[in-house]
Amino acid sequence: MAEINNTPWLTVLGWGESGTEGLTAASRQQLADAEVVFGARRHLRLLPPLKAAIREWPVPFADGIAELLNERGRRVVMLVSGDPFWFGAGTSLARHLLASEWTAIPSPSTFSLAASHLAWPLERCSCLGLHAKPLTRIRPYLHAGRRLLVLVRNADAVAELASLVVRFGFAESQLTLLESLGGDNQRIRTLSMSETLPLDITHPVALGILVAGDGPSMPLTPGLADSFFDHDGQITKQPVRAITLAALAPKPGERLWDIGTGSGSIAIEWLLAHPDNQAIGFEHNAERAARARSNAQYLGVDWLELKEGDVLEALANAPLPQAVFIGGGLSQTLLEQLWQRLPAGVRVVVNAVTLESEALLAHWHQAVGGDLYRLELAIAAPIGQRRGWKASYPIVQWRVVR
């Protein structure tokens, strides 16, 4: 029987601004033996003379995958920044390959190099790869005293991010510009976030941010203040929202259906619970859907998906969730469709405020079980020169596992 050659044809090689000087002997040997070398233009400029064919990787990144796969069977090296699996290209490449086809040799990541220069403990830093993501994703991490390491695409992104941090109320933050780390052109400069930025910031650039200022930080527990959301009154108020999020009990990687999403507050806090979470908001009112989308972007969870129009039609084609919240549009038809569509184990939480909705929940509670709560809240308010309790409408909440 012929022996099968399981030697990987592709080496994903961590690469830095120091070129081959920062590589191990094994990594240099991979380059010397390669028949084809792929890399971004800024990586290829640091290569020594090689016998291999040199191929520049296109932008956007996905456009180069087919060309790489066409080289299957040859000795191929793909140059990627730093650690291929730490905000790197390794994940994107590996999903197109069998495990036996490739090997990876990492170099120190930009985060590691930046932390070393700043003397920051890397395990205590928040590391954000925003070179291809909306910069508003920094919003949940703005807590005074926190250390952030951020990758951005260019000098324009540095200016945009600094403007955002100042607008969020953290102008006193310390900003360190870390350019071309590890290379001959390395440059490190520190200034206040509110200062005028240098005009000669060069790529690649990373940022070290020591957060300072009295801007409104986003708490880690459910129930953001209502002031964090733009709304027209169609919002689950803070105390009830905190109780509702606790009932929905988000876990990492789960998907929520937020039916009658209004301002998007429930879905947004679901997404804030973990970066791998997903949420789909269903809203028939286009103005409210746009407002929910804007709130999600502003609060750093821009991946909230919004479906506008007829909710019953939209539900039929949506990927199945692990939890469902109904905050508006409750009806017998909606519940019937949910019970037909949802698999066993899905957590369902419904908030109702009208007598008709309460009666519907009482009926379904009797029919299928779960827990039925009546939430009554009051807040101290002036009565002439004294104070008294001003009651809000009671909320009836039904919690059930399908």
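Q: Let's start with Y298: what does its relative accessibility make it count as?
A: Burial is read from relative accessible area: under 20% is buried, over 50% is exposed, and in between is partly exposed (1.4 Å probe, protein chains only). Y298 has 34% relative accessibility, so Y298 counts as partly exposed. A caution before we go on: this is a predicted model, where local features need pLDDT of at least 70, side-chain atom pairs count only at pLDDT 80 or more, and totals for chains, interfaces and linings use all residues. Residues are numbered from 1 along each chain as its sequence is written, and side-chain values use heavy atoms, leaving out hydrogens and water.

Q: How many aromatic pairs does the structure hold?
A: A pair of aromatic rings is described by the distance of the centres and the angle of the planes. Rings of Phe, Tyr and Trp (its six-membered ring) pair if their centres lie within 6.5 Å; planes under 30 degrees apart are stacked, over 60 edge-to-face, and the rest tilted. The structure holds 11 such pairs. One of them is F168 with Y298, an edge-to-face pair at 5.2 Å centre to centre with 70° between the planes. This pair links distant parts of the chain, 130 residues apart: F168 is in the loop between α6 (155-167) and β8 (174-179), and Y298 is in helix α9 (residues 286-298). Helices (H or I, at least four residues) and strands (E, at least two) are DSSP runs, numbered from the N terminus.

Q: Is F168 buried or exposed?
A: F168 is buried, at a relative accessible area of 3%.

Q: And how are W339 and W398 arranged?
A: Their ring centres are 5.7 Å apart and their planes sit at 10°, so this pair is stacked. Here too distant parts of the chain are linked: W339 belongs to helix α11 (residues 332-341) and W398 to strand β19 (residues 395-401), 59 residues apart. W339 is buried at 13% relative accessible area, and W398 is buried as well, at 0%.

Q: Which residues form one aromatic cluster?
A: That would be F38, W57 and F61.
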